[in-house]
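The model is shown first, and the notes follow.

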Amino acid sequence: MVKTAISRQSKPKKHEKLTEINYRNNTESDYTETIEFLDKTFEYDAHSRDYWGQPELSLLYGTPLYEQASSTQKLALNHLYWATQYNQTAATEANAVLYNQVTAGVFGAFNGYDTLCQMLELETEQERSHIHAFHTIGYRTKRALLGKSAFNASILRKPGGKPKLAFNDFSNWIVVKNLVNSSLQEEAFRFFTHKVLLRHQVHSYSQYLKELEAKGEPIPAQTTGLLGQIAPRSALQFFTLNCGTSPFLACLFFLTRYMANMLLKNWEYRYVQFYRELNQKDCLIPAPTAVSYNHLMDESFHTTTSRLIAKDLYKDFPQPTAYEKLIANLTIYRAQTIGLSGLSGSVPATFRSDAAFILPLYRLLQSPVFDLSAQEAQIWLQQCLCQEHEGFHLNGKYHQHLLTELRQSFDSLDYLWPVNRELRIFTLGNNISQAIKHNRKVIEQFSRSLS
Ligand SMILES: [Fe+2]
Ligand SMILES: [Fe+2]
């Protein structure tokens with residue numbers, strides 16, 4: 001493959017040296033191997049009697065229900081918080097698996113980025129092991145605590161009633177029609193990206209995407225995780241093509257990855273503190289706590305990579321065009337709006353509305369952990385989500401901490417609009433009365449959907 005040379009100084013740049021060091025340190029570490037071992041040997045029963053993190057790392061912590069919960073229920077809420085948080089983390093890390101490959105295909109088109117590409121390949125492999133461990137432990141935990149019902153498709157239905165979704169004989173026809181439409185759409189995306197919007201950057205079109213295209217595969221996109229939720233699938237396919245063509249937008253992906261890294265560290269670091277306390281006291285360390293510890297160690301290498309690319313390396317490439325700046329700003333704006341614009345009263349260190357958690361919480365309250373009737377579950381949902389309590393205030397503290405960290409990093413990125421550079425949407429989300437008002441509306445709708 002012919003690589004493009006970009007103007008380079010005689011001295012290696014600071015980020016090149018740091019990438020070398022970061023790559024070497026990561027290669028020499030064995031955190032991933034430890035996680036793989038813990039994954040293979042995990043049995044819920046062996047760790048079911050211990051807390052996996054401080055009590056505040058529990059679902060519904062600080063709510064009136066938590067105050068009344070028995071010690072067994074509190075322990076279950078502590079374990080289910082781990083499973084919930086790492087389920088979301090697995091989805092966001094699947095975004096990294098995809099875009100690490102897409103963007104390495106762009107950086108690899110230039111001279112001088114071989115170590116960076118090797119680093120991204122290593123990180124991708126590590127994410128695969130992390131995701132596997134999160135799924136194994138999360139699944140076994142939920143299975144033990146909630147039973148099979150935790151894994152039913154989320155179709156609301158009245159007891160004994162029919163599911164609201166139905167399929168008919170036309171469904172196959174609809175699939176064929178959608179395939180034709182989507183391949184036309186993909187052609188249009190490719191045309192606009194490579195012939196119009198980013199035509200001057202076709203030479204850096206990702207090798208990874210070229211290979212998928214040659215095999216006739218669709219443009220990849222995911223619909224879960226922090227990045228996967230910011231737009232509909234087709235818009236994300238267009239985004240994939242964009243950051244798989246423009247080096248500036250390839251670097252922009254790492255700004256979203258950095259946001260995800262910091263969002264994770266904000267609560268995962270508490271598990272690391274817990275791990276160290278147990279270690280100091282020579283206590284047995286539950287496997288999930290050890291997974292959290294080893295994961296944060298792995299992720300500290302990943303965070304360094306994200307920061308280097310998002311804050312320094314992007315300057316190696318031509319200044320962004322007005323179009324590239326627009327895409328970058330829309331991406332960060334949507335990431336704030338979708339993942340960081342609220343304050344949860346039920347899931348600590350989570351900055352989105354409780355709306356997405358209502359159905360799982362409703363099921364939890366009726367599961368063997370609480371064994372409440374449908375009516376009691378609705379009353380408790382209201383009490384936990386529609387009034388001020390300690391859980392909201394605790395989340396406010398996590399919010400403040402993350403905001404300070406992100407603002408420091410975003411401050412120097414002059415291509416960002418002020419609403420993004422100052423994280424204004426995220427800032428406004430730290431509002432308890434607003435969160436409660438929103439929850440009241442959502443719970444009312446939810447109750448209506450059940451009646
Ligand atoms: Fe990870
Ligand atoms: Fe990572």
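## Loop residues with positive phi

Leu60 sits in the loop that joins helix H3 (44-47) to helix H4 (64-68). The model is a predicted one, and in it the phi of Leu60 is positive, near 65°, in a residue other than glycine. Leu60 counts as buried because 28 other C-beta atoms lie within 10 Å, where 20 or more are required.

Leu423 is found in the loop between helix H17 (418-421) and helix H18 (424-428). Leu423 is not a glycine, yet has a positive phi of about 50°. With 21 other C-beta atoms within 10 Å, Leu423 is buried.

Helix H5 covers residues 71-107, which is 37 residues. From the first C-alpha of H5 to the last is 52 Å, close to the 54 Å expected at 1.5 Å a residue. H5 is mostly covered, with 28 of its 37 residues buried.

Helix H6 (residues 114-146) has 33 residues, and at 1.5 Å a residue these should span 48 Å. The end C-alpha atoms of H6 are 47 Å apart, which agrees with that expectation. Gly147 follows H6 and has a positive phi, near 80°.

## Gly112, between the two helices

The loop between H5 and H6 contains Gly112. Gly112 and Leu372 are separated by 260 residues in sequence and by 61 Å in space, C-alpha to C-alpha.

## Leu145

Leu145 belongs to helix H6. Leaving aside residues up to four places away in sequence, Leu145 touches Ala76, His79, Leu80 and Val369.

Residues 71-107 form H5, and Ala76, His79 and Leu80 are among the contacts of Leu145. Leu264 is 119 residues from Leu145 in sequence, and their C-alpha atoms are 25 Å apart in space.

## The largest nonpolar core

The largest nonpolar core has 104 residues. Cys243, Cys251, Leu252 and Leu381 touch the most other members of this core. Helix H11 (residues 247-280) gives the most to the core, with 17 residues.

In soluble globular proteins, nonpolar side chains tend to be buried together. Cys251 touches Ile309, Ala310, Leu313 and Tyr314, not counting residues up to four places away in sequence.

## The pairing of H15 and H19

Helix H15 (residues 374-385) and helix H19 (residues 432-450) have axes that come within 10 Å and cross at roughly 170°. H15 is therefore roughly antiparallel to H19, since angles over 145 degrees count as such.

On the H15 side, the contact is made by Gln378, Leu381, Gln382 and Leu385. Asn439, Ile443 and Ser447 make it on the H19 side. An α-helix has 3.6 residues a turn, so residues three or four places apart point the same way. By class, the residues of this contact are 3 nonpolar and 4 polar, with no charged ones. Leu381, one of the H15 residues in the contact, is also among the residues that touch the most other members of the largest nonpolar core.

Methods. Residues numbered from 1 in each chain as written. Chains lettered and ligands numbered in written order. Predicted model: local features only at pLDDT ≥ 70, side-chain atom pairs only at ≥ 80, totals over all residues. Helix = DSSP H or I, 4+ residues; strand = E, 2+ residues; numbered from the N terminus. Expected span 1.5 Å × (residues − 1). Buried ≥ 20, exposed ≤ 12 C-beta atoms within 10 Å, placed from the backbone. Axes fitted to C-alpha atoms, helices over the stretch in contact; angles between N-to-C directions. Parallel < 35°, antiparallel > 145°, perpendicular 65-115°, else oblique. Contact = placed C-beta atoms within 7 Å. Nonpolar A, V, L, I, M, F, W, Y, C, P; charged D, E, K, R; others polar. Core = buried A, V, L, I, M, F, W, Y, C linked by C-beta atoms within 7 Å.
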